[in-house]
Amino acid sequence: MTRPTELPAWKALQAHQADIGALHMREMFSSDGERFERFTLRAGELFLDYSKNRVTDETMKLLIQLARESGLEEWREKMFAGEKINFTEGRAVLHTALRNRSNSPIFVDGEDVMPEVNAVLKRMEKFSRAVRKGDWTGYTGKAITDVVNIGVGGSDLGPKMVCEALASYARADLRAHFVSNVAPSDIISTLKGLDPETTLFIVASKTFTTQETMANAHTAREWFLAKARDEGHVARHFVAVSTNLKAVSAFGIAPENMFEFWDWVGGRYSLWSSIGLSIAVHVGFDHFEKMLEGAHAMDRHFHEAPLKCNMPVIMALLGIWYANFFGAESQAVLPYGTRLRSLPAYLQQADMESNGKSVDRDGQAVDYATGAVLWGGNGTNGQHAFFELMHQGTRLIPADFIIAANTHNPVRDQHAMLLANMFAQTRALMWGRQLDEVEAEMRAQGADDSTIAMLAPHKVIPGNKPSNTILMRDHTPYTLGMLVALYEHKIFCQGILWRLNSFDQWGVELGKQMASSILPRLSEEGAVTAYDGSTNALINMVKGMMHP
């Protein structure tokens with residue numbers, strides 16, 4: 001297999017970067033009055049402006065060529081066709097089937113998966129409607145007022161992000177809570193103030209053996225039974241998203257209240273499955289369906305649009321451009337608006353667990369950068385926290401800015417202020433402020449020459465910092481579905497160009513195995529000597545500190 005760095009387009013991009021790498025975007029905009037029109041595109045309800053990037057027509061032409069030489073179109077077909085592109089685990093990658101609103105057949109091992117997908121969705125609809133109507137009650141006949149999702153990783157981050165993002169669609173009398181960390185304070189602080197008679201727990205674990213999830217689930221069960229007393233009541237207050245019927249039943253959950261999903265659903269791509277049950281309960285199944293429809297619309301765009309006007313492809317290629325040809329080590333995601341505050345954390349797992357790999361599909365060590373560090377926060381908070389590093393720091397940090405033109409909560413001109421701040425930040429990152437401009441401004445304000453000479457260099461903003469802007473008219477379940485699917489497909493594209501398997505996570509598994517080995521050592525008598533010097537010493541030190 002030809003390595004990416006050996007492809008003709010890769011080599012051409014290296015030479016091209018040497019030619020235009022120092023070119024400032026000020027010059028690009030000043031010399032090209034149609035730059036915005038050429039470097040923007042629309043996909044359904046989403047609009048992408050990528051004109052504030054250090055690219056020319058030639059850059060985009062070469063990047064598209066790189067995508068073709070990497071076999072992106074062929075791999076895209078393999079994914080949608082249900083081929084087992086997660087070859088290290090022998091699994092198809094079909095989160096797209098979960099939101100396949102066309103209901104066209106999708107085959108895995110010769111069997112159409114859509115009947116099973118639709119059956120689970122029907123069960124989710126029936127259950128979520130029963131809880132929301134008050135037909136599903138607790139053991140004393142009271143309606144459910146609080147839903148606690150217990151999971152970790154994709155079983156937590158996705159549902160939590162969506163429930164926060166769609167809070168405007170939720171009912172005030174049906175609250176959602178999320179517990180993921182095995183630290184006792186997470187579950188205990190969540191349970192404080194809840195009523196066992198009106199609390200429903202959704203335990204999300206494919207195997208029903210996940211250490212953190214099951215520890216929290218058993219703590220919740222003990223808390224519940226401390227008041228309910230009768231273990232038979234567990235079935236009215238606990239449901240499971242799992243595939244392990246035996247373990248679920250042993251916990252006390254009725255078999256009919258276990259919601260299945262499949263091994264071709266990766267954890268970080270699973271919010272569209274029964275893992276999204278807490279979403280359907282909290283915001284309503286109709287809105288959950290709208291989110292599926294939005295994701296399906298983005299799936300169709302990604303599957304059908306030519307590469308040069310394909311939004312996930314363009315965003316992926318820009319990420320490759322900066323990571324591999326400019327040496328950028330991170331990517332910022334900056335949603336402007338509180339509702340999307342958890343989107344960066346959700347995308348951290350989706351991106352970094354997918355493409356944080358150092359071996360290619362042939363099992364060979366890579367000699368090029370993969371998997372950017374993804375981070376971010378919501379505006380305008382970030383402007384008063386980390387934007388200084390982006391504006392004046394030495395690191396190149398490409399950024400995605402995301403905003404809706406309208407708000408669900410109009411208060412005076414505050415949303416206009418939010419919009420103004422975001423547009424100002426993208427312009428400031430790109431345009432900057434040069435030394436002569438700073439000096440002229442200070443002189444106009446009456447500063448003397450010595451003050452200008454001392455202070456002006458500190459006020460210089462280099463600019464030429466790249467960003468994408470993603471706009472939508474309204475923040476809705478449909479546009480949220482499109483947005484999340486956009487990033488999913490971007491991640492897939494980058495994995496293909498880097499020659500990675502983006503759908504396994506063996507690094508995560510190693511840590512789980514080691515934790516299982518260490519756990520019993522913490523309660524054993526005597527000194528631990530089974531590990532390296534540091535780990536042994538730390539375990540023994542903690543054992544000495546622990547209360548009897």
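Predicted model: local features only at pLDDT ≥ 70, side-chain atom pairs only at ≥ 80, totals over all residues.
Biologist: What makes the radius of gyration of the chain agree with that of a compact globule?

Modeller: For 548 residues a compact globule would have a radius of gyration near 24 Å, and because the chain has 26 Å, the two agree. The C-alpha trace spans about 80 × 60 × 60 Å along its principal axes, and the chain holds 22 helices and 13 strands.

Biologist: What share of the residues in the chain is buried, and what share of the accessible surface belongs to carbon and sulfur atoms?

Modeller: Buried residues, those under 20% relative accessible area, make up 53% of the 548 in the chain. Of an accessible surface of about 23,700 Å², 53% belongs to carbon and sulfur atoms.

Biologist: Where do helix α5 and helix α13 lie in the chain, and at what angle do their axes cross?

Modeller: Helix α5 covers residues 72-80 and helix α13 residues 285-304; their axes come within 10 Å and cross at roughly 140°.

Biologist: Which residues make the contact, and how many of them are nonpolar, polar or charged?

Modeller: On α5 the contact is made by R76, E77, M79 and F80, and on α13 by D299, F302 and H303. By class, this contact has 3 nonpolar, 1 polar and 3 charged residues.

Key. Residues numbered from 1 in each chain as written. Heavy atoms only, no water. Axes fitted to C-alpha atoms, helices over the stretch in contact; angles between N-to-C directions. Helix = DSSP H or I, 4+ residues; strand = E, 2+ residues; numbered from the N terminus. Contact = heavy atoms within 4.5 Å. Nonpolar A, V, L, I, M, F, W, Y, C, P; charged D, E, K, R; others polar. Rg over C-alpha atoms; globule rule 2.2 N^0.38 Å. Buried < 20%, exposed > 50% of the residue type's maximum accessible area, 1.4 Å probe, protein only. Areas by Shrake-Rupley, 256 points an atom, 1.4 Å probe, with all protein chains shown as cover.
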